[in-house]
Amino acid sequence: MKTTRITPKFLLALGLAVMPQAPAASDTATQTVRPGSVVRWPGEGIESCHLDERQWKPIDGACWYPVDLLANGSIQIERRRMGGRESRALQVADYPYDVQHLTIEDESRVHLSADDLARVERESARIRPLWSLGGAPDFALPLGPPLAALPEGGRFGARRVINGEPRSPHTGADYAAATGTPVLAVAAGRVALAEEHFFAGNSVFLDHGDGLISMYFHLSDIAVEPGQRVERGDPLGRVGATGRATGPHLHFGLRWHGARVDPALLMQPPDALPAIQ
């Protein structure tokens with residue numbers, strides 16, 4: 001089933017006029033979106049979608065534009081169709097994400113030693129190339145749940161205060177679950193990384209094509225290997241509390257075309273996402 005949905009409570013100001021035959025069509029109307037969201041631009045005969053230096057193909061008759069959690073100001077989006085070029089502006093609005101206060105008993109996981117800092121940088125260097133992956137999409141929207149019984153949870157975008165110190169916002173969704181609960185692939189793909197990291201503990205990164213990467217952190221164990229092909233619903237490992245975690249839970253994250261987006265949005269029917277007409 002190929003659907004795609006996001007709650008449009010933050011959707012403002014549509015009324016956009018499409019000019020498919022214009023060689024460089026532009027419209028001053030602006031759509032306001034929250035950081036970490038996804039906007040779709042449906043239409044006939046779309047050839048390509050563009051954002052910054054990135055370019056990709058439409059999916060299900062629409063361009064999908066992820067808005068990074070740390071984005072601000074105005075974003076110019078563009079698409080090519082029917083021999084013309086069209087552009088629109090997205091205005092990233094302030095959004096009142098929660099503030100999350102955490103206490104980490106192990107201070108060495110909060111104030112890192114030189115050796116740990118070097119390790120974190122090595123791990124980051126292994127992860128960074130994943131954000132530039134592309135290829136044909138190997139997934140359908142909405143994505144499946146990463147746990148068979150997905151509990152209430154999330155805290156995506158929460159501004160975290162760890163041991164009284166402000167830290168970077170939370171870029172994934174946290175789901176409390178018992179240690180040993182199977183963690184499932186949300187879509188078909190290839191295992192890009194499967195290894196233990198300082199902050200994320202036992203981690204699995206799946207490449208689903210079209211620049212979509214799903215992440216599963218703090219696992220008690222890993223059941224897949226790099227390069228392995230997985231299908232939607234396949235087990236990747238089990239819930240744990242490895243890395244920097246205050247208790248057993250799954251941290252589930254998504255990057256699409258490099259942007260950090262709220263995973264809950266892509267697990268809803270597609271037509272609920274904010275749309276440009």
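Which residue in S6 does His50 stand opposite? The structure is a predicted model, in which local features need pLDDT of at least 70 and side-chain atom pairs count only at pLDDT 80 or more, while totals for chains, interfaces and linings use all residues. Residues are numbered from 1 along each chain as its sequence is written, and side-chain values use heavy atoms, with hydrogens and water left out.

His50 stands opposite Glu78 in S6, and S3 (residues 46-51) pairs with S6 in the antiparallel sense over five bridges; here strands are DSSP runs of E of at least two residues, helices are runs of H or I of at least four, both numbered from the N terminus, and two strands pair if DSSP finds at least two bridges between them. On S4 (residues 54-56), which runs antiparallel to S3 and is joined to it by three bridges, Trp56 stands opposite Cys49. The hairpin of S3 and S4 has two residues between the strands, and in it Asp52 takes a positive phi near 55 degrees. Because five of the six residues of S3 are buried, this strand is largely enclosed by the rest of the structure, where buried means under 20% relative accessible area, exposed over 50%, and partly exposed in between (1.4 Å probe, protein chains only).

Strand S6 (residues 73-81) also holds Arg79, which counts as buried at 1% relative accessibility. The side chain of Arg79 makes a polar contact with the side chain of Glu86 at 2.5 Å, and a polar atom of the Arg79 side chain lies 3.1 Å from the backbone oxygen of Trp41. A polar contact is a pair of N or O atoms within 3.5 Å; within protein, one must be able to donate a hydrogen and the other to accept it, and residues adjacent in sequence count only if both atoms are side-chain atoms.

Turning to helix H1 (residues 114-127), Val120, Glu123 and Ile127 are buried. Seen down the axis of H1, the buried residues fall within an arc of 65 degrees, taken from the directions from the helix axis to the C-beta atoms, so they line one face of the helix. On the other side of H1, Ala114, Asp115 and Arg122 are exposed.

The largest nonpolar core has 36 residues, and those with the most contacts inside it are Leu143, Val204, Tyr216 and Trp256; such a core is a set of buried Ala, Val, Leu, Ile, Met, Phe, Trp, Tyr and Cys residues joined through side-chain atoms within 4.5 Å. Its largest share, four residues, comes from S18.
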